[in-house]
Amino acid sequence: MRTEGVDLLIIGAGMAGLTAGARAVRSGLSVAIAEIGAHVGGSARFAGYAWTAPSHEVMDQHNPRGDRELKRALVDRFADGISWIRSLGVEAKDAQRVLGFGRGHQFDTNHYIDTCRRLIVEGGGELLLETDTELLVVERGAVVGADLRAADGTHGRVRARTTLVATGGFQGDPVLRTAHVHPHADRMQLRSNPHSRGGGYRLATQAGAATGHDDAGFYGHLIPSGIPFADPADFVDMSLYYSEHALLLNLRGERFADETLGDHLTAMALLDQPESRGLLIADARVFREWIVGSYVEGAVAVDKFALASRRGGRVGLAEDLDELAYLPEEWGYHGETVRDAVKLFNEHASAGSAPSPARELDPLRLDDPPYYVIETVPAITFPFHGVRIGDQARVLGEDGRPIPGLLAAGSDTGGLWHRAYAGGLASALVFGLTAADTATEPTHRP
């Protein structure tokens, strides 16, 4: 472990950290990256698209309570982020619709991550794997580096003109989740790499960073209950994206959210329900068009009902509406109430009257048997609560002013999303590049 000074010390080698490192090396900065895991990439290894809202108007419509400056920076700089990916020789396909309102690009995230790593190493950057960051060094109110500990117990201090926190959030820490996401957030499975346990969050707050907001929610998806993730492929294969076209009932047999607005939003809503579990009910139309179809054009289609059944989940097939009344008693739902809820929804849809809650984007009846039933629970990918930053990725103190020498990017940051979502990988890309550009500025000095 070298201990001499660098221009930019990056804590975390995921999408944001590696993006910042590659950009900084290309800009002529000396770079060191400390990564607690044995490999680089983090949760970006499991992704395949960079996407966000295509305009300020759409972003404001779908994320009205997010920080205005951060929202605008993301929308305005997204195209430059895609150009950056392509400039490294990584293919980013033509733009396509994502989540109904977004626009984004499919690209090989593994190719991108590995390319960034190669550029950093070839450019003289130091990559310190299995290295824990114990403390940010603060002198006269400015962050001037960090104390590190390697896997063999070796300690060292790396001094840096600028330090970037990019450890990927705190979704791997149940204590922080229950404190800042939801009292029941510890119930959720982790739909993410296991190393994002709040290291960057704790480091930044110890250095005086402001955080927020505690009611902001999280990004995640619905998954079948009772099935542990076997490997990272399950993060996509087991996510029940089709819930946007199905009905979701809680333990009382009630609908409680507009499912059509997005599976990621419904996951947040389900966490608030009794025991944070519910029944996802689809008919043959939804099965044909969505359960066995591709959620995003070009993605591999997986029969999520068959997969959940093979893996031992609580699934059922009702040949007609009346069979929904015969749910297994041990599931804890009143079958007749469930059947009547679906029947009532169909009656409203047939009459052209709005159900409650409304179904803004898919008001069609579910009256094409058989009915496909999966018990579902929410899983978390990352929290929306985090370290507060300005639009140049500078970490803000409790007084709202930037902390000299300290930047943050990616899922460690808070304020951008507030019970809404429009692209985590895009945020890591854009603010990773922004952080590198800020670190390059000659005026950005402790």
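This is a predicted model: local features need pLDDT of at least 70, side-chain atom pairs count only at pLDDT 80 or more; totals for chains, interfaces and linings use all residues.

Q: What makes the crossing of H1 and H4 left-handed or right-handed?
A: H1 passes H4 in a left-handed crossing. The term applies because the near helix is turned anticlockwise from the far one by less than a right angle.

Q: Why are H1 and H4 called oblique to each other?
A: The axes of helix H1 (residues 15-26) and helix H4 (residues 109-122) cross at roughly 40° and come within 9 Å. Angles under 35 degrees would count as roughly parallel, and those from 65 to 115 as roughly perpendicular. H1 and H4 are therefore oblique.

Q: Which residues of H1 and H4 meet?
A: On the H1 side, the residues are Met-15, Leu-18, Thr-19, Gly-21, Ala-22, Val-25 and Arg-26. They meet Tyr-112, Ile-113, Cys-116, Leu-119 and Ile-120 in H4.

Q: How many aromatic pairs are there, given that ring centres must lie within 6.5 Å?
A: The count comes to 14 aromatic pairs.

Q: Are Phe-46 and Phe-235 buried or partly exposed, and why?
A: Phe-46 has a relative accessible area of 30% and is thus partly exposed, as this value lies between the limits of 20% and 50%. Phe-235, at 9%, counts as buried because the limit for that term is under 20%.

Q: What makes the pair of Trp-417 and Tyr-421 tilted?
A: The planes of Trp-417 and Tyr-421 are at 55° and the ring centres are 5.6 Å apart, so the pair is tilted; stacked would require under 30 degrees and edge-to-face over 60. Trp-417 is buried at 6% relative accessibility, and Tyr-421 is buried at 8%.

Q: What makes E11 and E20 edge strands?
A: In the open sheet of three strands, the order is E11-E17-E20, with mixed pairing. Strand E11 (211-212) and strand E20 (413-414) each pair on one side only.

Q: How do you know that E11 and E17 pair?
A: Two bridges join E11 to strand E17 (residues 386-388), and at least two are required. The two strands run antiparallel, and Gly-212 stands opposite Gly-386 in E17.

Notes
Residues are numbered from 1 along each chain as its sequence is written. Side-chain values use heavy atoms; hydrogens and water are left out. Rings of Phe, Tyr and Trp (its six-membered ring) pair if their centres lie within 6.5 Å; planes under 30 degrees apart count as stacked, over 60 as edge-to-face and the rest as tilted. Buried means under 20% relative accessible area, exposed over 50%, partly exposed in between (1.4 Å probe, protein chains only). Helices (H or I, at least four residues) and strands (E, at least two) are DSSP runs, numbered from the N terminus. Axes are lines fitted to C-alpha atoms, for helices over the stretch in contact, and angles run from 0 to 180 degrees between N-to-C directions. Angles under 35 degrees count as roughly parallel, over 145 as roughly antiparallel, 65 to 115 as roughly perpendicular and the rest as oblique. Contact means heavy atoms within 4.5 Å.
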